[in-house]
Amino acid sequence: MAAVRFSSALLLLISAACFVATDAFSYLDTLGQPGSPPPDDVASRPKIQPGDKLPIATLHWGFNPPTLVTLPFHCGPRNVVVVGVRGAFMEESNEIVRTYLQKSDVLKSMGVDEVIITTVNDGAVTGIWNKKMKPEGSLLTFLADPHAELMDALGTKKFDEQFEKQGILGRSKPFVMYVEGCIVKHFEIGYDTSGDPNTDAASAMRIIEKVKASKGQLVQ
């Protein structure tokens with residue numbers, strides 16, 4: 001009987017490994033296709049506001065064990081763009097990241113020291129996504145928020161019925177935040193008129209230009 005139970009468990013492990021090796025990435029790419037956001041995404045007000053200090057949250061880099069990265073200590077006196085996406089490997093997330101890769105030099109010329117891409121995934125998933133997106137030589141850093149600490153502090157964590165049905169618990173509304181010296185200068189949850197996330201590099205550049213035009217004053 002013990003041998004039968006062991007064989008069954010071994011078969012389950014092999015099946016799971018085969019799924020991860022062959023189908024996981026294509027499956028994740030199909031999740032959360034762009035569409036109209038639910039009403040609460042349009043009307044909700046985030047917890048964080050311009051002028052607030054960057055909240056303390058522990059993010060993960062890597063896995064087994066992860067390196068713990070605590071905000072705002074990681075950011076310090078620097079100028080940082082923080083971009084929240086709905087999930088690693090989703091095509092909408094990939095497209096957002098590509099815009100930051102393409103505009104990395106432009107953002108650097110505007111005074112940005114780092115662009116943090118974060119999502120409610122564990123460090124292993126986020127690390128593999130980092131390798132897929134090939135950010136070497138850019139301003140981008142991929143940090144996981146597995147316990148949704150940052151998302152809770154910002155007020156962007158959301159219930160997504162579509163994800164819940166697929167067995168994925170906890171996600172974040174897409175957002176972009178610009179921080180100077182650990183002070184939030186601008187924060188917004190972004191959707192364009194078609195309902196697609198509007199948190200790409202062009203959005204970040206627009207925000208930074210607004211901050212500069214206001215001579216460092218806080219902007220809504």
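View 1. The chain exposes about 11,200 Å², of which carbon and sulfur atoms supply 59%; accessible areas come from the Shrake-Rupley method with a 1.4 Å probe, and for residues only the protein chains shown count as cover. This is a predicted model, in which local features need pLDDT of at least 70 and side-chain atom pairs count only at pLDDT 80 or more, whereas totals for chains, interfaces and linings use all residues. Residues are numbered from 1 along each chain as its sequence is written, and side-chain values use heavy atoms, with hydrogens and water left out. Of the 220 residues, 45% count as buried (under 20% relative accessible area, 1.4 Å probe, protein chains only). Nine helices and nine strands make up the secondary structure (DSSP runs numbered from the N terminus; helices, H or I, at least four residues; strands, E, at least two).

**View 2. The hairpin of strands E8 and E9.** Strand E8 (residues 175-180) pairs with E9 in the antiparallel sense over six bridges; pairing requires at least two DSSP bridges between two strands. Tyr178 has His186 in E9 as its bridge partner. Two residues lie between the strands, and Gly181 in the turn has a positive phi of about 55°. Because six of the seven residues of E9 (residues 183-189) are buried, this strand is largely enclosed by the rest of the structure.

**View 3. Helix H9 and its packing partners.** Helix H9 (residues 201-213) has 13 residues. Its buried residues are Ala201, Ser203, Ala204, Met205, Ile207, Ile208 and Val211. The buried residues of H9 pack against strand E3 (79-84), helix H4 (91-102), helix H5 (104-109), E8 and E9, where contact means heavy atoms within 4.5 Å. Just after H9, Lys215 takes a positive phi of about 55°.

Key. Buried means under 20% relative accessible area, exposed over 50%, partly exposed in between (1.4 Å probe, protein chains only). The expected span of a helix is 1.5 Å times one less than its number of residues.
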